[in-house]
Amino acid sequence: MIMDSHKLNAGSFADKIGVQRSNVSHVLSGRNKPSFDFVEKLLLAFPRVSAEWLFTGRQGKKEVDDLELKSKSVSSVPENPLNHSRESKISGSEKKIVKTLVFYDDFTFDVFLPNEK
């Protein structure tokens, strides 16, 4: 359904989620079950897809047509407006925020990556 709604063939789907094309082929044919890494990459590449739907087939609180919405590229997700500084002093050492995950009660999530300047 994800591939159909985004008009992707198996090869372009594999490229979009960052896995080998043979991995997608094996999952689609039923030869292999998707690994955690595969599912994680799929959910990161398609943030509008509900993890609950992916694992159980149930929509939860999400609308059925959410799947048909065009997904945002992870790199295009806007920087968290509350985090203007990407560096923070924690225990005297500088640390950079490289990724922020926000999990919602409907089993979806958003990924926020700081903009490189």
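User: Lys33 lies in the loop between helix 3 and helix 4. Why does Lys33 count as exposed?

Analyst: First, a quick word on what we're looking at. This is a predicted model, where local features need pLDDT of at least 70 and side-chain atom pairs count only at pLDDT 80 or more, while totals for chains, interfaces and linings use all residues. Residues are numbered from 1 along each chain as its sequence is written, and side-chain values use heavy atoms, with hydrogens and water left out. Now, Lys33: its relative accessibility is 77%, and exposed means over 50% (buried is under 20%, partly exposed is in between, with a 1.4 Å probe and protein chains only). So Lys33 counts as exposed. By the way, its C-alpha atom is 9.5 Å from that of Asn23, a residue ten places away along the chain.

User: Which residues does Ala14 touch, not counting residues up to four places away in sequence?

Analyst: Those would be Val19, Gln20, Arg21 and Val24. A contact here means heavy atoms within 4.5 Å. As for Ser25, eleven residues along the chain from Ala14, the C-alpha atoms of the two are separated by 9.0 Å.

User: Now for the helix pairs. Why are helix 2 and helix 4 called roughly perpendicular to each other?

Analyst: In general, you describe two packed helices by the angle between their axes and the distance between the axes. Here the axes of helix 2 (residues 10-17) and helix 4 cross at roughly 85° and come within 8 Å. Axes are lines fitted to C-alpha atoms, over the stretch in contact for helices, and angles run from 0 to 180 degrees between N-to-C directions. Roughly perpendicular covers 65 to 115 degrees (under 35 is roughly parallel, over 145 roughly antiparallel, the rest oblique). Helix 2 and helix 4 are therefore roughly perpendicular.

User: Which residues make the contact?

Analyst: Helix 2 brings Phe13, Lys16 and Ile17, and helix 4 brings Phe38, Lys41, Leu42 and Ala45.

User: How many of the residues in that contact are nonpolar, polar or charged?

Analyst: Five are nonpolar, none is polar and two are charged. The rule: Ala, Val, Leu, Ile, Met, Phe, Trp, Tyr, Cys and Pro are nonpolar, Asp, Glu, Lys and Arg are charged, and the others, Gly among them, are polar.

User: Which residues of helix 4 are buried?

Analyst: Phe38, Val39, Leu42, Leu43, Leu44 and Ala45. What do these buried residues pack against? Helix 1, helix 2, helix 3, helix 5 and strand 4 (109-112).

User: How many helices and strands are in the chain's secondary structure?

Analyst: There are five helices and four strands. Along the sequence the pattern reads α-α-α-α-α-β-β-β-β.

User: What about the chain as a whole: how much of it counts as buried?

Analyst: 33% of its 117 residues. And if you take contacts between residues at least 6 apart in sequence, 49% join residues at least 24 apart.

Conventions:
Helices (H or I, at least four residues) and strands (E, at least two) are DSSP runs, numbered from the N terminus.
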